[in-house]
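Please view the sequence and the model first, and then read the points below.

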Amino acid sequence: KGGGSPLFPTPRRLERWNEAWLRTPSGVWEWAFGYVFGLFFTFDLLLVPMKTNVLAHHVVCLAFHGWVFFSPQRPGLQLVIAGEAVLEFGTGGSNLSMLLPGSDAVRAFFVLAMSASNTYGAVLTVRWLRLQRGRWVWLTLLPTILGILALRQLHVVNEVYKRAHSPAPP
C-alpha cells in the first residue's frame, strides 16, 4: 500500500513507514543512517578543501540533519532520509561528471540525475513540512531548502552553459 516500490517509494509510502516507525520506534537503521550521514558531512568539512558556497551548503545541511535526528520523535524522519539519499544521488552525478569531464554520456547523466534529484527533493521537502508543527518551520526551512535546491540546479545550468559555449575538441 502507498505506491511505488521499496527501492523507489512514493511520498505517501514514506509517510506510512514514518507512521509505523512512530508507533514502534526501534530506530536502529534510522540512527545508523543519521550517524553515518552526519559523519560524512563532518569529514567533508574537516578534510576536503571547499569553496565558500559549498562550505556554507555543508554547514546548513549538517545543522538541519542534526536538528532532525536529535529531535525526539520528529515526524517524517523517513521523508528526510529519502530526501537526503535522493539528493546524494544527484551529487553523485555531479561528482562523476567532474571525474570524467570529457564524457558526453556522463554529462547527460549528471544533468538528468541532478535535475531529477532536485525535483524529487522539493516534493519530499513539501511532504515533510506538511507533517511539522509550527509556522516558523515553514518560514525558515522552506526558503532555505528550496534555496539550496535552486543553487544545485543552477550548478546544472552552469555546466550545460559551459559545455555549450566551449570549443569543440580537435
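**Helix packing in a predicted model**

The model is a predicted one. The protein has six helices and zero strands, and its pattern along the sequence reads α-α-α-α-α-α.

- The protein has 170 residues, of which 34% count as buried.
- Among contacts with a separation of 6 or more, 64% come from residues 24 or more positions apart.

**The crossing of α2 and α4**

- The crossing in which α2 passes α4 is left-handed.
- On the α2 side, the contact is made by Glu30, Phe33, Phe37 and Phe41.
- On the α4 side, Leu77, Gln78, Ile81, Glu84 and Glu88 take part.

**Helix α3**

- The 18 residues of α3 should span 26 Å at 1.5 Å a residue, and this agrees with the end C-alpha atoms, which are 26 Å apart.
- Buried in α3 are His58, Cys61, Phe64, His65, Gly66, Val68 and Phe69.
- These buried residues pack against four helices, namely α2, α4, α5 and α6.

**The crossing of α3 and α6**

- The axes of α3 and α6 come within 11 Å and cross at roughly 140°, which makes α3 oblique to α6.
- Helix α3 passes α6 in a left-handed crossing.
- From α3, the residues in this contact are His57, Val60, Cys61, Phe64 and Trp67.
- From α6, the contact involves Trp136, Val137, Leu141, Thr144, Ile145 and Ile148.

**Helix α6**

- Helix α6 covers residues 135-164, and its 30 residues should span 44 Å at 1.5 Å a residue; the end C-alpha atoms are 43 Å apart, which agrees.
- A bend of about 30° occurs in α6 at Leu141, and Pro143, a proline, follows within four residues.
- Leu141 is also one of the buried residues of α6, and it belongs to the contact with α3.
- The buried residues of α6 pack against α3 (52-69), α4 (77-99) and α5 (104-130).

Key
Residues are numbered from 1 along each chain as its sequence is written. This is a predicted model: local features need pLDDT of at least 70, side-chain atom pairs count only at pLDDT 80 or more; totals for chains, interfaces and linings use all residues. Side-chain values use heavy atoms; hydrogens and water are left out. Helices (H or I, at least four residues) and strands (E, at least two) are DSSP runs, numbered from the N terminus. The expected span of a helix is 1.5 Å times one less than its number of residues. The bend at a residue is the angle between axes fitted to the seven residues ending there and the seven starting there. Buried means under 20% relative accessible area, exposed over 50%, partly exposed in between (1.4 Å probe, protein chains only). Contact means heavy atoms within 4.5 Å. A crossing is left-handed if the near helix is turned anticlockwise from the far one by less than a right angle, and right-handed if clockwise. Axes are lines fitted to C-alpha atoms, for helices over the stretch in contact, and angles run from 0 to 180 degrees between N-to-C directions. Angles under 35 degrees count as roughly parallel, over 145 as roughly antiparallel, 65 to 115 as roughly perpendicular and the rest as oblique.
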